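Please read it alongside the sequence and the coordinates.

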Amino acid sequence: MSVREIVILSGKGGTGKTSLTASFAVLASGAPEGGAVLADCDVDAADLHLLLQPSAQTSDVFRAGHEAKIGQDNCVHCGQCASVCRFGAVKTVGDPCDQVYEVDPLACEGCGVCVHACPVGAIQFPEAECGSWSVSQTRAGSMVHARLNPGGENSGKLVTLVRDHARRLAEEQSRDMVIVDGPPGIGCPVIASLGGATRVLVVTEPTVSGEHDLERVLQLAKHFRVPAAVCINKWDINPGQTERIETLSQKHGAELAGRVRYSPAFSSALRRGKTVVELAAEAEDYASEAAEIRLVWEMLISGL
Amino acid sequence: MKIAIASGKGGTGKTTVAVSLALELSKTEVVTLLDCDVEEPNAKLFLASAGLAEELSRPVNVLVPEVDAAKCTGCGVCAKRCAFNAIAALPTGALVFAELCHSCGGCALFCPTKAIRDVERTVGELRVSAVSHKGRSLSFVEGTLNVGEAMSTPVIRAVKARADADALSILDCPPGTACPMVSAVRGADAAVLVTEPTPFGLHDLTLAVATVRALGVPVGVVVNRADPADTRVRDYCAAEGLPLLLEIPDCRAVAEGYSKGTPLLDVLPELSAAFRQLGQDIKRLAQTAGNGLSKRNAQECGV
């Protein structure tokens, strides 16, 4: 059985990716096939766990790339490292008469040029600890998530690690689906989240910036040949803009996955640590929103 | 002076705050607004109504290696030295994978036969415009990463290079806490983190505060879509000693105005004074560097 991988992206941040992803996860877990494995690939601001409150958890350190460190005992202060570094990461610190060379870890690209250029071999190049990753159990299924260290490098590699592990877990648990909560933007971690996926859902909003950012994500999806669908969240904020975006989406070959209304139900669900689709079972306030989300989900997985 | 407007979570209102602050302060001083969110640059959409006149547009290039086949001996030193697998040694000569290259120059530096030279590759675009409206002095700089390119930092650096050292520069930064955000905020005199009073907003704010503090940049907080009943961000700021600089009310009129590209201060002109005050407070924050590590201290600690 091949594992289908659905990636949720948005381009613009704050359009509702994570709220919708959590609802989709809950809807999938109610299916007879037994739910999906979840992958939170927004590794520098992962939030899915706030809605799905994982219980048992195993964690591991994420190491990737290297970081230059100057051994002060061996340094001969020739300045060669500073002159070859193209990232301005080698700095002199201290009094002018007693200067030492140091590498700023937040500026270091991990290229190793200084390490090999140093005439006395004074620069070490240990593997860098860039964050951590975890496998957790949630009420909507197993979840793989990660935490990039503040300012950490290699976010793309961490995303790839999270995705690979989620896919392996799905195979082990005989689950046929992985749902990926992706990062905003169109750069490195987005490309790592998108490549090779079965389908991408772009969650956007009917604003000028939502439209602008959506178009760039759809171009990216086309570039990587991943079929795209578009969902417009908060659609009734600007119905005219919603229609424009739907026409634009179709022009880019994307399917329309539906609309979800602007509603305080989302932030109130978030504050209660629940998904809108779960709360709809308890209170009528959430019923219309939940029905709209369910339609988007059914559209998204139909024909996969 | 450089003021960075950033956030951990996306969609909290960075662009709204950056544009409002720039438009308000440009009434009385020379301001440059720099859109450093090069993956999804949006500030321009909210300046259209003020009238933008483009002054300059040029490609942003990075350096990537080019191998001279006549000089290459296939020794493989370049591939061994490349930390990013961007150059492979084949029996027929070295092969470059330009999109993986970080432009460190290592391969050219260590090639024993000097067979490698740097050539330029375009990864994005830089545009400079003037906002000429109601006697304002506002210059606008925007970087755009080409779709399909993974690394945004070279474009962010190109945008930041246009900051006017003698005037006030306001940087609209990318979200998150990874390299793009760090690259935009690094070297700023103060940073404003924009958040919303939700569990997501607070969680991502704490991550962003840690990142900005590690950079040694003084930091304050703006709460957007403020909900008087939800005090979690206010409580966090008080506990952390972070100045809460401004709360922007949550209202549907603002959301509808935003959807059309209407600047916030056109929807709620009564907030003008608050943004003027925000400008003063940030400048004071930058000058006193009262919380977190000062830049000098941060350097001494090797952070």
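Contact here means heavy atoms within 4.5 Å. Among contacts in chain A between residues at least 6 apart in sequence, 76% join residues at least 24 apart. The structure is a predicted model, in which local features need pLDDT of at least 70, side-chain atom pairs count only at pLDDT 80 or more, and totals for chains, interfaces and linings use all residues. Residues are numbered from 1 along each chain as its sequence is written, chains are lettered from A and ligands numbered from 1 in the order in which they are written, and side-chain values use heavy atoms, without hydrogens and water.

**Chain A overall**

Helices (H or I, at least four residues) and strands (E, at least two) are DSSP runs numbered from the N terminus. Buried means under 20% relative accessible area, exposed over 50%, and partly exposed in between (1.4 Å probe, protein chains only).

| Property of chain A | Value |
|---|---|
| Secondary structure | 11 helices and 13 strands |
| C-alpha span along principal axes | about 70 × 45 × 35 Å |
| Buried share of the 304 residues | 58% |

An open, mixed sheet of chain A contains 9 strands in the order 3-8-9-2-10-1-11-12-13, where pairing requires at least two DSSP bridges between two strands. Its edges are strand 3 (57-66) and strand 13 (255-260), each pairing on one side only. Neighbouring strands are turned by 20° against each other on average, direction ignored. Within chain A, strand 8 (residues 127-138) and strand 9 (residues 141-148) are antiparallel and share 8 bridges; Ser136(A) has Met143(A) in strand 9 as its bridge partner. Helix 8 (residues 239-251) of chain A lies across strand 11 (199-204), strand 12 (228-233) and strand 13 of chain A, at about 160° to strand 13. Axes are lines fitted to C-alpha atoms, for helices over the stretch in contact, and angles run from 0 to 180 degrees between N-to-C directions.

**Chain B**

In chain B, 7 of the 8 residues of helix 4 (residues 153-160) are buried, so this helix is largely enclosed by the rest of the structure. The buried residues include Val155(B), Ile156(B) and Val159(B). Among the elements of chain B that the buried residues of helix 4 pack against are strand 3 (52-67), strand 6 (116-131) and helix 5 (179-185).

Phe97(B) sits in the loop between strand 5 (93-96) and helix 3 (106-110) of chain B. Phe97(B) is partly exposed, with a relative accessible area of 31%.
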